[in-house]
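Student: Could we go through this protein together? I'd like to know where the labels come from.

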Amino acid sequence: MLFFTEEKIAKQLSEIQPTIYREIYPIPYFKFHEGPCSGAERPDFDDRHWADFRVGDAWGGYDVVAWFRANVPIATHLRDQKVALRFLVGPRDSGGLTAETLLYVNGTPLQAIDIWHDEAWLPPEYLQQDEISIALKAWSGMLNVPERCRFKLAQLVQIDEATERFYYLADVLHKTITTLEEHDWRRVRLLETINEAFRRIDFTRLRSEVYYRSISNAARFLEEQIAELRSAEPVKPTVVGVGHSHIDMIWLWRLCHTREKAARSFSTVLHLMRQYPEYRYIHSSPQLYKFLSQDYPDIFARVKERIASGEWEITGGMWVEADTNLPNGESLIRQILFGKRYMRAEFGVETHTVWLPDVFGYSWALPQIICKSGLRYFVTSKISWNQFNRFPYDTFYWRGIDGSEVLSHFITTPENNTRRYTYNGTLSPAEVKGIWDNYQQKIINDELLLTYGWGDGGGGPTRQMLEWARIMDNVPGLPRVKLDKVEPYLARLERRLAGKDVPLWDGELYLEYHRGTYTTQRRNKRANRKSEFLLHDAEFLAALASTLDSAYTYPTDTFRKAWELVCLNQFHDIIPGSSITAVYVESQQQYEEIRTMTTTARDTALAAIAGKLGGDLLVVNPTSFTRGDLAFWPGTLDSGQALQRADGEPVRIQNGEGVTWIDLGDIAPYSVTAL
Ligand SMILES: [Zn+2]
């Protein structure tokens, strides 16, 4: 074997990549509009008053939405070819982020165009037309945004399928080689095979007929060789890939932006599912599905179809992926109650997993709440971010305060060669090998869960990841890759662990990181606690009022709305304090809404109770324990007046300045006493 073979392969791969696009048709002109515009995706939308825009021109600024529209002719000889649209909407030239964009074709959202998805496959039905209408709804972003960004590229391309297949095959094998030890026989064999494949390609006339024929032969050769090598490793671990896109409900952007991120990420998922029938995807948050149903009912309907057919998994247990250190017990239960109820009502799905990959530590109360809520599994990856100590287990039973135990599993995918695990995997050969290398319970389990897809601000899996997955079904030197969903994986894990010596963790899952968040945004944390108290008291009084007064209507809708807002604001970047200022401005407005709704409900219930119990004053103990302290009344009795219970028993009082202290002795839990 010659020296520099690996380097040569890397170089030749980079030469091959652009030739995947065998024919390129530029889309030079667009009609352009900055600012929101209703109906601009429709083919019949009248854009004659819009500005002309040429590819290469600049657009954007801070937090700007822009629309680009064009009609794209389709040549007749492309009708049975693999064809895609490509865009670099900008600002890729300044480094950093590419504008997140939703691409519509003939009025229907096709997929997102972003830094990870610059290419969108055009399904055959569009190729039978002489012309298609495209619309791009781009968002310039809020983080390190340049003053203007340049729209660099718009093309219709014909993809040479053999070249693409060769590229992905060679790319995976090359990346696998770099993960293996120098003297590993599999590395030696793979390097020899891939080198031989490259020798079959005629690089003398790139893009010629001869070149494309030679590359097609090389692809066939490589596939045959891999098939032969497959039998060499009959026993090895399995990595189960689940498509995922972590979408923070807010973080470095606001809620309104997240609602658009959901539409973009989800339409990409739907489009990729059509191209890769084996693709499975999980998204956890009922709140986001609810937003999608309001904003993009057409995308929501298609998501629902995929959920019904079993390709799209909804599990996660909670209304949002909530912090678990700050919300009280009732809130954590409501997160699960609202989450499970929505998934059951909207999709007919019963969920079994608490899915919190990115939450900043986990309360010791959780195992009890998880078990009593009818859930079985807990998944995260975050504890690996600890500053000092490595958590000793990746698969274990987590015991709660009351002794409840829940099967818990960490996603051990290595993040950029650090000791942290990531939920934003790429499904690269290095990760597929690394997830197994990291894993600490190899003796009791040889099947691991890898979530792949760009995330935090959404994005999700790419075509490259799905191509890699197909090839890594069995590549020497790597665990076997299968695509599946989370809950079938966890059910298999549970069965595999039966009768084995599974580690037990009895305590909280404390995260030695992000601690500073818990002492920031004090006003927000206070508003959460005040809302929890108010809702507790109001619900008690409303329940009591409905038992006393048949004319009283329990305000179910008000409490549901208030709780949904409380739960939303317990998201793991809102309540801990890790978001931008604009998020907390909006959050305070929502807490004000909660306060108004809840105090109105409380006062209406009190009025109904007073109507039935009579008397002049009501003393309420809304807590679950007996209270012996004095009741405070911000008023005074006229001289000669006295307070007495309904049965005539006098009540001791003491007057202060304009106020009265009332001594009722022991006040029973959850009681209202009329005086
Ligand atoms: Zn997050």
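Tutor: Residues 24 or more positions apart account for 78% of the contacts in the protein with a separation of 6 or more, where contact means heavy atoms within 4.5 Å. This is a predicted model, in which local features need pLDDT of at least 70 and side-chain atom pairs count only at pLDDT 80 or more, while totals for chains, interfaces and linings use all residues. Residues are numbered from 1 along each chain as its sequence is written, and side-chain values use heavy atoms, leaving out hydrogens and water.

Student: What makes H246 count as buried?

Tutor: Buried means under 20% relative accessible area, exposed over 50%, and partly exposed in between (1.4 Å probe, protein chains only). H246 has 2% relative accessibility, so H246 counts as buried. Of the 675 residues of the protein, 57% get that label too.

Student: Which atoms coordinate the zinc ion?

Tutor: The zinc ion is held by H246 (NE2), D248 (OD), D358 (OD) and H572 (NE2), at 2.0 to 2.1 Å. Donors are N, O and S atoms within 2.8 Å of the metal (3.2 Å for Na, K and Ca), and sites may look incomplete because water is not among the atoms. D358 is buried, with a relative accessible area of 5%.

Student: Why is the arrangement around the zinc ion called irregular?

Tutor: Four donors count as tetrahedral if all angles lie between 85 and 135 degrees; four count as square planar and six as octahedral if opposite donors are over 155 degrees apart and all others between 65 and 115; anything else is irregular. Here the four donor atoms subtend angles of 88 to 158°, which makes the arrangement irregular.

Student: How do you know that D456 has no salt bridge?

Tutor: A salt bridge needs a side-chain nitrogen of Lys or Arg within 4 Å of a carboxyl oxygen of Asp or Glu. Lys and Arg count as positive, Asp and Glu as negative, and His and the chain ends are not counted. For buried D456, the nearest side chain of opposite charge, K382, is 7.3 Å away. Leaving aside neighbours within four places in sequence, the contacts of D456 include H246 and D248.

Student: What makes R187 and E6 a salt bridge, then?

Tutor: Their side chains meet at 2.3 Å, N to O. R187 lies in helix α4 (residues 185-199) and E6 in helix α1 (residues 5-16), so the pair ties together parts that are 181 residues apart in sequence. Helices (H or I, at least four residues) and strands (E, at least two) are DSSP runs, numbered from the N terminus. R187 is buried at 14% relative accessible area, whereas E6, at 21%, counts as partly exposed.

Student: How many salt bridges does the rule give?

Tutor: The count comes to 54 salt bridges. Another is D46 with R48, at 2.8 Å, N to O. R48 is exposed, with a relative accessible area of 69%, and D46 is partly exposed at 38%.

Student: Why is the pair of F30 and F68 called edge-to-face?

Tutor: Rings of Phe, Tyr and Trp (its six-membered ring) pair if their centres lie within 6.5 Å; planes under 30 degrees apart count as stacked, over 60 as edge-to-face and the rest as tilted. The rings of F30 and F68 have their centres 6.2 Å apart and their planes at 80°, so the pair is edge-to-face. F30 sits in strand β2 (residues 29-34) and F68 in strand β5 (residues 65-73), 38 residues apart.
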